[in-house]
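Please read this briefing alongside the sequence and the model.

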4 protein chains.
Amino acid sequence: MAVDKDVRAALDTIFAADSDLYQKRGWNQRSGFGERPAILNIDLANAWTRPGSRFSCDDMDAQIIPGVQRLNQAARAKRVPIIYTSTAFCSRFDMGAFPLKTPFEDLLIGTPATEIDSRIAPEDGVDTVIIKKRPSAFAGTHLAGILRAGRIDTLICTGVTMAGCVRHTVEDALGEGFRSVVVKECVGDRVPAAIEWNLFDLDMKYCDVEPLEYVLNYLDSLESFANL
Amino acid sequence: MAVDKDVRAALDTIFAADSDLYQKRGWNQRSGFGERPAILNIDLANAWTRPGSRFSCDDMDAQIIPGVQRLNQAARAKRVPIIYTSTAFCSRFDMGAFPLKTPFEDLLIGTPATEIDSRIAPEDGVDTVIIKKRPSAFAGTHLAGILRAGRIDTLICTGVTMAGCVRHTVEDALGEGFRSVVVKECVGDRVPAAIEWNLFDLDMKYCDVEPLEYVLNYLDSLESFANL
Amino acid sequence: MAVDKDVRAALDTIFAADSDLYQKRGWNQRSGFGERPAILNIDLANAWTRPGSRFSCDDMDAQIIPGVQRLNQAARAKRVPIIYTSTAFCSRFDMGAFPLKTPFEDLLIGTPATEIDSRIAPEDGVDTVIIKKRPSAFAGTHLAGILRAGRIDTLICTGVTMAGCVRHTVEDALGEGFRSVVVKECVGDRVPAAIEWNLFDLDMKYCDVEPLEYVLNYLDSLESFANL
Amino acid sequence: MAVDKDVRAALDTIFAADSDLYQKRGWNQRSGFGERPAILNIDLANAWTRPGSRFSCDDMDAQIIPGVQRLNQAARAKRVPIIYTSTAFCSRFDMGAFPLKTPFEDLLIGTPATEIDSRIAPEDGVDTVIIKKRPSAFAGTHLAGILRAGRIDTLICTGVTMAGCVRHTVEDALGEGFRSVVVKECVGDRVPAAIEWNLFDLDMKYCDVEPLEYVLNYLDSLESFANL
């Protein structure tokens, strides 16, 4: 869902001035891909991908889901590992401090709301599904450890929400030792402008934001990870 | 399962000399209970509690399971939170580096092996079950965060194995800001002497090791956490 | 440094629409203060607080430093713990993956650049200074553990940068079990609009953003933590 | 310092029986070296390496320090990264819950007690020194992230204490995605038998325990990491 024309113009003015300032000071560098990527599909479960939930995000059916389908297919062709996250809880105690700010009571483990969208379903016993409890896919999970054990150095990130789980994940990734590439057409939110400014912040300081076709070309160019 | 008489005597000699040395240097202190405990039942799932698995531990039917039943009951009477862990994986990638040293291929999510033993079954929607991937209940999990949000300051620990998950959990607990009390009759292993020396190391430096009756009396003396 | 009038108007339009959407869906709640706060002054070291560095932030002399001085004084009067962070490294290896995106080579341990600004100097042996390596004050540090041990439940946050370390810290805080209150006049960046949109995102989903006078009144109303 | 003859015999009996049991169940495997090692010298600071402190460990002058000197030299010849840890605090609050069990008041940042022993001094600006606050070199530090960023997959561990920091570090390493090799002659404690049983537990489940000459030969066989 696009922001309106005046807002778009105001944001473009800000981003142009700010990216210039960042560049002069030494940020706004490209990190590129490393040697071994994995796909990380963040919270593409029904509560976020289907309409009618308080978590529902925009642009799912026409843009994000088809984009992730293409990415997954390109990754599978090269045996690039695919990791999914969902956010789900088993009790009020399991939610910790989040209910102070966030309505998590709909996100129960074992319900359809927290299952990965069937249009991009994980392959049983092959893909890895992480049930996380916090926005970041790294915070309070074992993700960093298994990426390192699998010699992964780059995360190709999709999913939702841009102002929440995607941003927090990418912030953590660099500190945990990984590059990230966020696929522009495959990330979403409930709030259009929040996508814009969070992509801007991340691209300046934490990761590369790249178009889908660029990432697909990169995956197609890889040799197969058949020996993983 | 008891260690034999000569080994017992040798260990007792070592422990007496060493606890004296620790005491003189300032360790071997009692930390006691804080103000708000939770029960942490570590890896009491069928792979560990039932015979016939490579993970099977000793002393389950006559000692550990009945002890945990009594602890859980005493805790429920006061609405003290009860947390269970199990160790379970969804793919080879999910296991990270562990297969280099440890045979984890039997521990699959959703199989009976990794379900909590039905004799001490969690109460649905009330208790908290954490599916961990590493020995420590803290490492790569959200446990510390939810304990703090629930204002818990003390963990009453049971489970297996003493040389693995129980030890690692208790080591992490102190650094994460929590006291631990390990219930002597409710922890086990596959290797009897390993219980002895790990309890000794922990009691000197990381936690209090206490008998079951002492912990039950403590729980009975608490006011109810009805307002949790 | 204020954003210009047109940008301000565009952002206000977005924020009004988005906060309404958040509210309807169950976010945009106030978490308030808990029972025991600590002050967390994030990266108020010379590289960020003094002019002439690539890290230099706006509004330091007239606004942020005087505000933090008042907060620290109010906190000391009640023996509320004060924690400072700085970001500093001892070798290229120590920086990990950050140089891929961020110019950290000026931030060496033991140089004036990474020392806390003398106008708000820590009290030796009383305050706590954490040398962190990542944006978040929690990521790769022991902060959460010592807050829990000190029975702190609320972080009052100041410092820089809003789009980097402050945001990431506040995101982590909730998952680690803590409330945060960000003091509006005491946070800064190099990029004015980034302050606005990051404060908005955080206030909707992760913390309460409150004015300085409100927080000072709260601190003045506390009983002394003399027994800490 | 060797354990006495009877104790030695009792421990050997236990270890033989237990390693057999572990082997039959699928543990007691060798993980070996990976492709890129780093040296991790744990808490070889004056409080532990010099006599007269409550933390002083045995076997330093004749065995551990000379062994670490040889390892460091072999590593420097191949530009293998060398990482040191020390444990040091700046305030009582900084110690968290440890004083409940452990006497940490002598371990202040910036005092000789917590500085690395000059006989194995770090090379300024080249080696990495991590000031940790917990037993494990991973817990509450950024170690895992910088190892990953440096593409390290194996830790060669030395230092003290075996029942404390060395054990906890090695337990964490595997979960964080790294192999460890503990150098038998280069680890120590205050309590001789604790070295034996902790080396046994670790070797069965978490790492390979190897003699110094074996590790030196391995380092000598490597190509230089000149491109790190």
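Predicted model: local features only at pLDDT ≥ 70, side-chain atom pairs only at ≥ 80, totals over all residues.

Local features need pLDDT of at least 70 and side-chain atom pairs count only at pLDDT 80 or more, whereas totals for chains, interfaces and linings use all residues. Residues are numbered from 1 along each chain as its sequence is written, chains are lettered from A and ligands numbered from 1 in the order in which they are written, and side-chain values use heavy atoms, with hydrogens and water left out.

**Interface of chain C and chain A**

- Across this interface the rule finds four salt bridges.
- The rule also finds 29 residue pairs in polar contact, both residues being at pLDDT 80 or more; such a contact is a pair of N or O atoms within 3.5 Å, where within protein one must be able to donate a hydrogen and the other to accept it, and residues adjacent in sequence count only if both atoms are side-chain atoms.
- On the side of chain C that touches chain A, α1 (5-25), α5 (162-175) and α6 (192-205) each supply at least two residues, and α6(C) gives the most, with ten residues; helices are DSSP runs (H or I, at least four residues) and strands likewise (E, at least two), numbered from the N terminus.
- The contact (heavy atoms within 4.5 Å) takes 56 residues from chain C and 56 residues from chain A.
- Chain C and chain A bury about 4,700 Å² between them, 57% of it on carbon and sulfur atoms, where buried area is the accessible area (1.4 Å probe) that two parts lose on being put together, summed over both.
- In chain C, the residues that lose the most area to chain A are C:Arg25, C:Lys101 and C:Trp197, together 18% of what that side buries.

**C:Thr158**

- C:Thr158 lies in strand β4 (residues 154-160) of chain C and is buried, with a relative accessible area of 0% (buried means under 20%, exposed over 50%, partly exposed in between, with a 1.4 Å probe and protein chains only).
- Among the residues that C:Thr158 touches, not counting those up to four places away in sequence, are C:Leu40, C:Val68 and C:Cys186.

Definitions and conventions: Salt bridge = Lys/Arg side-chain N within 4 Å of Asp/Glu carboxyl O.
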